[in-house]
Amino acid sequence: MLDLDTNCDNSNARFNRADVRVSIRDQDGVAAAAVFDFSKHPIDFKDGTASLHLAYGLSQYWSPYDRIDPSGGDVVFQAGEAGNGGDVQAPGGAIGGSNVRDSDIERNAQIALQSQISHDSSAASDLYDKYTTQLSSKKYGLQAEGKTWHYRDIESQYLQMRLKHPNALLIWAATYSNYTEDGNPADYYVVLSGESLDSVDAANGWCSSNGYSSKDCIAVQLR
């Protein structure tokens, strides 16, 4: 929810412009952005203030939901921005918008991936000499699972796994010797469950109990 003020002469003004991009920015960049049509959902100010409930779909935000804090960043309104596709479905009382440009989504996703790796590095170091489980390994341009992977796909998959597994971490494989010691390229974004486990058997058991096959979930020990 956003609390808004107006500097219009009319303190009971109505804002009903279409094609308005609303971006939430924090210290790492754009955390969420979408284009909203306020001609369909006008904002009515009363005594100079209004409350606004906006919903962002999975392709419209690039940070885990619990890291997005509008009170600690900036909310930017930009008029005259064309939306990309239809409006996302929104829960009751909220307004959904359409996607921003594909190029913006890619750029925001790439920045968010690097930010998340930096954010998760400390938690990853706590897993040294323990076992955890790897849930995904992807890189830009990879042909896998019937598509070509882009930054937006990699970030979206991470966010979905983070919703399912709150301890999930994102790492850059080349940082860790267990991924580079065999000499193979390690330029991959890797999603770990973040669970601290005592053995390979315990890690494999975690995979099975969470419904993953041995192809989709493997035991790893970061070094």
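**Sheet, helices and rings**

In this predicted model, S137 has V190 of β14 as its bridge partner.

Student: What should I know about the model and the numbering?
Tutor: It's a predicted model, where local features need pLDDT of at least 70, side-chain atom pairs count only at pLDDT 80 or more, and totals for chains, interfaces and linings use all residues. Side-chain values use heavy atoms, with hydrogens and water left out, and residues are numbered along each chain as its sequence is written, from 1.

Student: In what order do the four strands of the open sheet run?
Tutor: Strands are DSSP runs of E, at least two residues, numbered from the N terminus, and two of them pair if DSSP finds at least two bridges between them. β13 (169-172) and β15 (218-220) are the edges, each pairing on one side only. The pairing is antiparallel, and the order is β13-β14-β10-β15.

Student: At about what angle to β10 does helix α2 run?
Tutor: Axes are lines fitted to C-alpha atoms, for helices over the stretch in contact (heavy atoms within 4.5 Å), and angles between N-to-C directions run from 0 to 180 degrees. Helices are DSSP runs of H or I, at least four residues. Helix α2 (residues 151-164) lies across β10, β13 and β14, and its angle to β10 is about 155 degrees.

Student: Over the ring of which residue does the charged end of K147 sit?
Tutor: Here a charge sits over a ring if NZ of Lys or CZ of Arg is within 6 Å of the ring centre and within 35 degrees of the ring normal. K138 has its charged end over the ring of W149, 4.6 Å from the centre. For K147 the distance is 4.3 Å, and the ring is that of W149.
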